[in-house]
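Please look over the sequence and the model before reading on. The paragraphs below move from a single side-chain pair to the chain as a whole, and then to its core, its surface and its loops.

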Amino acid sequence: MWGRNSVVQHILVYSILSDAVLELGDSVLIRSATQALAVQRQQELYLGKEADYKPRIWFEQIPLPPLPIPPPYIRKYHENPNIRVGRISIKGISTASVVQIGNTEHVHKEARVDHIRQLTGQAMHPRTKVEVRRD
């Protein structure tokens, strides 16, 4: 590893959601994955078939960008081996994300969310008139 120290005086995190990571210090690998189904309905209506729903997005392979070959050569010199942080305030760390004070060799994070919005006909075609003006 790198042999660096992470010194944090104060950290305040209000919310951490599923598969999120808060890491103080060094790590070799951070890996997590999340699958979520978000349904927004204008009216409460249960059709009876929702339980067997398996969105295609959960099973498709995500194409990863190609890595440069050969990998770039990086030479680092840390005059001060300490990472010093005074105060951090974070409102939220969301699904499959990472907040780290330190170093990581490999990070693999994946979040697959399928958003479904079921609106009534009136909500889909509002009666509000929108006027676009070009000056």
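A polar contact, as the term is used here, is a pair of N or O atoms within 3.5 Å, and within protein one of the two must be able to donate a hydrogen while the other must be able to accept it. In this predicted model, the side chain of His10 makes such a contact with the side chain of Arg87, at 3.2 Å. When residues up to four places away in sequence are left out, His10 touches Gly86, Arg87 and Ile88. The C-alpha atoms of His10 and Val85 are separated by 8.0 Å, although the two residues stand 75 residues apart along the chain.

The protein chain has six strands and one helix, and from the N terminus on its elements follow the order β-β-β-β-β-β-α. Of the contacts in the protein chain with a separation of 6 or more, 81% are accounted for by residues 24 or more positions apart. Buried residues make up 15% of the 135 residues in the protein chain, and the accessible surface comes to about 11,800 Å², 52% of which belongs to carbon and sulfur atoms.

Which residues make up the largest nonpolar core? This core has seven residues, namely Ala20, Ile83, Val85, Ile88, Ile90, Ile93 and Ile101. Strand β4, covering residues 82-90, gives the most to this core, with four residues.

Ile16 lies in the loop between β1 (5-13) and β2 (21-24), and because its relative accessibility is 42%, Ile16 counts as partly exposed.

Is Arg112 buried or exposed? Its relative accessibility is 7%, and because the limit for a buried residue is under 20%, Arg112 counts as buried. The side chain of Arg112 reaches the backbone oxygen of Glu60 at 2.5 Å, and it also makes a polar contact with the side chain of Glu110 at 2.8 Å. The structure holds one salt bridge, and Arg112 forms a salt bridge with Glu110, the closest N and O atoms being 2.8 Å apart. The two partners fall into separate accessibility classes: Arg112 counts as buried at 7%, whereas Glu110, with a relative accessible area of 21%, is partly exposed. Leaving aside its neighbours within four places in sequence, Arg112 is in contact with Thr34, Gln35 and Ala36, and also with Ile57, Trp58, Phe59, Glu60, Gln61 and Ile62.

Thr34, one of the contacts of Arg112, is touched by Thr95 as well, along with Leu17, Ser18 and Ala111, when residues up to four places away in sequence are not counted. Thr95 has its place in the loop between β4 and β5 and is partly exposed, with a relative accessible area of 22%. The C-alpha atoms of Thr95 and Ser32, which are 63 residues apart along the chain, are separated by 9.4 Å.

Most residues other than glycine have a negative phi. Ala96, in the loop between β4 and β5 (98-101), has instead a positive phi near 55 degrees, and because its relative accessibility is 10%, Ala96 counts as buried. Asp19, found in the loop between β1 and β2, likewise has a positive phi, of about 60 degrees, although it is not a glycine. Asp19 is partly exposed, with a relative accessible area of 36%.

Technical notes. Residues are numbered from 1 along each chain as its sequence is written. This is a predicted model: local features need pLDDT of at least 70, side-chain atom pairs count only at pLDDT 80 or more; totals for chains, interfaces and linings use all residues. Side-chain values use heavy atoms; hydrogens and water are left out. A nonpolar core is a set of buried Ala, Val, Leu, Ile, Met, Phe, Trp, Tyr and Cys residues joined through side-chain atoms within 4.5 Å. Buried means under 20% relative accessible area, exposed over 50%, partly exposed in between (1.4 Å probe, protein chains only). Helices (H or I, at least four residues) and strands (E, at least two) are DSSP runs, numbered from the N terminus. Contact means heavy atoms within 4.5 Å. Accessible areas come from the Shrake-Rupley method with a 1.4 Å probe; for residues, only the protein chains shown count as cover. A salt bridge is a side-chain nitrogen of Lys or Arg within 4 Å of a carboxyl oxygen of Asp or Glu.
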